[in-house]
Amino acid sequence: MKSTWLYCALCAIVLCLVPYSYTWWTWIFIVPFLFRRQGVYCLISFALLFVLTLRMIPPQINQPEAHTRLKIHEIHTSYVIAEGPQGKFLLYGAESYGLDDVLEADIRCELLNSQKNFGLFDFSAYMKKRNIHYSCELKESSLLAQGNSLRASLWKRVQAFENPQRKWLLQSLYHIRDKEDRLEFIGSTGLHLSLLLHCLTSLASLWISKRRAQGICLFVLAGAATLGSWRDSLLRIFCFRLVAWLMPHNKQDRLGISALLLLICRPYLVNELVFVLPFLFRFLALFQHRHIPRFFYTMSVLIPLQFYYFHELDIIGLLIFSVLRYLYMVNYCCAMLYCILPFSLLFPLGNLILEIIRSLESFHISFYYQASLLFVALWLYFLLHCFHRRNRRALFSLLLMLLYTQYAPYFRPYAHVLMLDVGQGDCTLISLPFHQGNILIDVAGSEKRNIPKDVIVPALQAQGVTSIDALIITHDDLDHSGGLEQLQELMEVKRIITSKQETLEFGSFQFQFLLPDAELSDKNENSIITYVDLFKLRFLFMGDAGKQAEALLMKRYPSLKADILKVGHHGSKSASSRPFLHSLHPLLALISCGAHNFYGHPHQEVLDALQTANISIMDTPHTGAISIKITNFFQIYKTAAGDFGVIHIK
């Protein structure tokens with residue numbers, strides 16, 4: 001039996017990682033591997049993997065009814081998750097209700113659609129993996145029944161405290177906070193809770209047998225998980241602890257069965273940190289034949305995961321990782337004890353711990369790199385060799401990979417055009433090959449949020465861009481230039497271009513600003529129009545220029561052609577005339593606008609004109625960010641929504 005379940009768990013991970021459309025094809029490779037196992041274990045493994053495959057079948061999507069009865073299932077910072085006859089959905093405007101309350105409600109629903117950018121958190125994709133597809137707004141409601149469960153009682157008790165204590169308890173127990181902390185993954189992955197369980201087990205083992213202590217702590221964990229709505233982290237800890245209690249000796253199969261059990265319950269966790277981090281810690285420990293210092297062991301696992309999930313390696317965060325685990329654990333204990341017996345000293349102690357955590361998080365030294373799954377796999381391969389035999393070559397390879405992350409842009413032989421999804425606005429990055437230059441066209445701003453801080457800078461840093469060599473502001477409008485000052489506070493901008501009369505060259509690449517001496521009717525028509533040829537793939541960025549500028553372009557540049565057209569004015573009907581599209585005859589039209597925006601962009605008239613001209617359309621509300629990589633040999637595009645293809649130049 002030894003290792004059978006670990007191999008089965010690895011097969012399960014592969015099944016969960018591949019897209020569902022390829023799942024059944026993956027069985028062609030898995031079945032021969034399974035039949036190498038022996039007897040009944042082969043059949044059980046086959047059955048469990050088959051059940052997992054069935055669990056991955058996409059469920060039917062049902063829109064919630066406008067008038068429905070619903071139950072509050074979870075409460076988050078700005079929304080709740082409600083459950084009705086058609087399933088779960090996000091609900092806004094229900095802040096006054098508590099856990100497990102039953103409502104009669106009138107709601108208005110629409111499909112979830114959040115901004116999608118490479119390297120940034122995609123909220124709608126995160127929710128859809130949990131079978132939550134709709135976002136609803138509460139219009140009218142009436143309370144039918146208050147929640148009477150144990151967790152509902154705890155929630156009411158927390159709400160009964162005064163504001164400073166209530167805010168601390170909500171943050172410590174439910175992760176409800178005003179803003180997201182940098183290292184909140186410690187709390188969300190439940191690492192402090194697993195540490196607490198380990199400490200309780202060790203303490204109880206001083207008076208009773210270790211196995212009995214584990215059983216008692218397992219019972220306590222089940223109660224805590226019930227109070228915590230069986231969050232992903234709590235379910236993972238319970239599965240791993242339960243199997244460890246039932247199988248105290250065989251570490252390999254214990255890990256395999258734990259992973260199988262968790263993935264069958266929630267297959268979507270396979271690529272999330274709440275599962276990956278503890279699984280890798282335990283998996284690598286199986287191959288640790290010699291004593292490895294715990295600090296080095298923790299650091300070596302966290303480095304690739306930080307690059308993969310956050311595209312940022314925080315050195316200070318790595319050094320204080322273990323300290324933060326203990327601080328989170330002590331704060332959680334204080335919060336739970338305060339709910340049961342509100343001793344006056346517990347609140348100031350917990351508040352002091354949170355202040356210490358915030359102070360530690362304020363110091364950080366970061367390096368940026370967007371790691372691929374291949375990078376993580378290679379890192380783990382060399383790490384296994386280091387742990388198994390202390391192979392110096394493997395250690396040198398790890399150091400070389402770490403060095404490569406900071407110099408990767410200098411080895412990239414392709415030009416990269418990345419149109420970010422910033423909502424109703426524009427922002428496009430052009431990175432030239434071999435790190436010759438990073439050019440940004442426009443930097444969207446907003447009166448409601450800081451777009452450079454929330455979207456632009458994190459997305460650029462994920463691409464390894466830490467400074468802008470040139471920023472082209474097409475015209476002075478909030479959705480094109482409104483984020484300039486906020487961007488300059490966060491990232492170095494070496495040159496700002498606001499005039500069509502300026503020139504811009506980087507090596508052999510020349511950016512041409514068309515109609516340099518034209519003075520048209522308004523600022524939109526006077527937008528800087530940028531033309532650039534990247535390895536014979538021609539780009540034309542129109543800003544907000546409309547039909548008046550288009551007519552003048554056709555008159556002044558009768559031979560002007562473009563393979564990729566950044567459509568003017570976000571797809572407004574004031575731009576993209578049919579004669580202009582016919583004259584340019586681009587292969588692909590890019591449109592940057594917000595989903596369900598007030599202006600109705602892109603206008604149906606423009607979409608019809610593009611379709612009539614046989615021009616492929618990509619707009620950020622549907623595709624998210626759009627990435628185009630160009631060399632002399634290939635031109636490929638990829639969208640944040642998962643579309644991929646090759647651009648064939650005529």
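**Cysteines, cores and a pocket in a predicted model**

Let me start with two cysteines: Cys109 and Cys136 are both buried, where buried means under 20% relative accessible area, exposed over 50%, and partly exposed in between, with a 1.4 Å probe and protein chains only. This is a predicted model, in which local features need pLDDT of at least 70 and side-chain atom pairs count only at pLDDT 80 or more, while totals for chains, interfaces and linings use all residues. Residues are numbered from 1 along each chain as its sequence is written, and side-chain values use heavy atoms, with hydrogens and water left out.

Back to the cysteines. Searching the whole structure turns up one disulfide, a disulfide being a pair of cysteine sulfur atoms within 2.5 Å. It joins Cys109 to Cys136, with 2.2 Å from S to S. The link of Cys109 and Cys136 is right-handed, with 105° about the S-S bond. Cys109 lies in strand 4 (residues 102–111) and Cys136 in strand 5 (residues 134–145), so the pair ties together parts 27 residues apart in sequence. Helices (H or I, at least four residues) and strands (E, at least two) are DSSP runs, numbered from the N terminus.

Cys11 is buried, because its relative accessible area is 9%. Cys334 is in no disulfide either; the nearest cysteine sulfur, in Cys333, is 7.0 Å away. Cys334 also counts as buried, at 5% relative accessibility.

Next, the cores. A nonpolar core here is a set of buried Ala, Val, Leu, Ile, Met, Phe, Trp, Tyr and Cys residues joined through side-chain atoms within 4.5 Å. The largest one has 63 residues, and Leu49 and Phe275 have the most contacts inside it. Helix 12 gives the largest share of this core, 10 residues. Apart from it lies another core of 54 residues, including Ile72, Leu193, Leu218 and Tyr328. In soluble globular proteins, nonpolar side chains tend to be buried together.

Now the second largest pocket. Its volume is about 1,400 Å³. Of the 38 residues that line it, His198, Arg241, Arg254, Arg282 and Arg294 are the closest to its centre. On a 1 Å grid over the protein atoms alone, a pocket is an open set of points with protein on both sides within 12 Å along at least five of seven lines, and a cavity is a set where a 1.4 Å probe fits but cannot get out; lining residues have an atom within 4 Å of a point. Grid points are joined across faces, edges and corners, and the volume is the space filled by probe spheres set on them.

Which helix supplies the largest share of that lining? Helix 8 does, with seven residues. Several helices supply at least two lining residues each, among them helix 9 (210–227) and helix 15 (321–340). By class, the lining has 19 nonpolar, 11 polar and eight charged residues. Ala, Val, Leu, Ile, Met, Phe, Trp, Tyr, Cys and Pro count as nonpolar, Asp, Glu, Lys and Arg as charged, and the others, Gly among them, as polar.

Last, one residue. Thr298 is in helix 13 and counts as buried, at 10% relative accessibility. Leaving aside neighbours within four places in sequence, Thr298 is in contact (heavy atoms within 4.5 Å) with Phe281 and Phe321.
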